[in-house]
Amino acid sequence: MKRFWKTVDVVRDDDGWAIMLDGRPVRTPARALLKVSSEDLADSIAEEWRIAGEDVDPRAMPLTGLANAAIDRIAPDKDAFAAGLAHYAEADLACYRAEGPSALVEQQASSWDVLLAWARRRYDVDFATTSGLMHVPQPHGTVERLGHAVATLDAFQLAGLSPLVTIGGSLVAGLATLEKAVTADQAWRAVSIDERWQLKQWGAVTEAETALKNRKRDFLAAARFLELLDA
């Protein structure tokens with residue numbers, strides 16, 4: 001898409017905040033009005049449109065993309081989307097530990113045990129952990145309660161939570177970030193332990209470094225979306 005606008009403004013009405021391009025409201029790909037409930041989020045989305053170049057790159061507008069997803073993809077069937085995301089409770093990254101080497105095992109334990117301890121306290125659940133990749137079933141109550149926590153979120157919260165969970169592989173880390181039990185940087189360090197370990201052991205590989213950098217960018221953008229939404 002080529003840039004066609006000169007001015008970007010944020011306007012408020014009874015339903016929230018909308019972004020205007022040359023006096024016309026921004027719409028989602030499905031042609032719905034792009035409107036958010038947070039002034040801070042609206043201002044940050046507007047800034048993405050202000051700094052866009054002549055050739056608009058959607059990857060440089062992650063907040064806009066997440067708002068679009070909330071409105072077009074999630075809101076029409078929020079329950080189904082939440083149920084899909086809740087499935088990550090059945091195989092959370094933090095429950096699957098390396099068998100070795102000991103330094104990696106220790107890194108995982110020091111980071112992931114904190115997340116699981118928080119979830120135990122927050123949701124009154126327990127977790128089954130294992131060494132290796134063989135699936136270990138989680139207690140029914142754990143899956144049910146974490147699923148309920150996801151189901152109670154609104155479409156915009158789900159839009160921000162989804163990349164945290166799908167990129168990191170951990171519903172617990174995503175919920176901890178959403179609820180500000182950990183910072184976005186702490187959550188990212190936790191869910192990227194294995195990849196960063198591999199890069200350290202085997203040396204820099206351009207493709208792997210680029211993939212990890214892109215995942216981090218998207219992960220932190222989703223965390224910022226949630227932070228702005230709650231401002």
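The model is predicted; local features need pLDDT of at least 70, side-chain atom pairs count only at pLDDT 80 or more, and totals for chains, interfaces and linings use all residues. Residues are numbered from 1 along each chain as its sequence is written, and side-chain values use heavy atoms, with hydrogens and water left out.

**Largest pocket**
- The largest pocket holds about 360 Å³ of space. A pocket is an open set of points on a 1 Å grid where a 1.4 Å probe fits, with protein on both sides within 12 Å along at least five of seven lines; lining residues have an atom within 4 Å of a point.
- Its lining has 17 residues, and Met-1, Leu-21, Val-26, Arg-27 and Trp-49 are the closest to its centre.
- Strand S3 (24-25) and H2 each give two or more residues to the lining. H2 gives the most, three.
- The lining divides into ten nonpolar, four polar and three charged residues.

**Nonpolar core**
- The largest nonpolar core has 76 residues. Such a core joins buried nonpolar residues through side-chain atoms within 4.5 Å.
- Ile-19, Val-36, Ile-45, Val-150, Leu-175 and Phe-225 have the most contacts inside it.
- Val-36 touches residues including Trp-17, Ile-45 and Phe-156, not counting residues up to four places away in sequence. Contact means heavy atoms within 4.5 Å.

**Helix H3**
- In H3 (residues 78-86), Phe-81, Ala-82, Leu-85 and Ala-86 are buried (under 20% relative accessible area, 1.4 Å probe, protein chains only).
- Seen down the axis of H3, these buried residues fall within an arc of 135°, so they line one face of the helix.
- Their cover includes helices H2 (62-74), H5 (140-151), H6 (155-168) and H7 (171-178).

Technical notes
Buried < 20%, exposed > 50% of the residue type's maximum accessible area, 1.4 Å probe, protein only. Helix = DSSP H or I, 4+ residues; strand = E, 2+ residues; numbered from the N terminus. Arc of directions from axis to C-beta. Points joined across faces, edges and corners; volume = space filled by probe spheres on them. Nonpolar A, V, L, I, M, F, W, Y, C, P; charged D, E, K, R; others polar.
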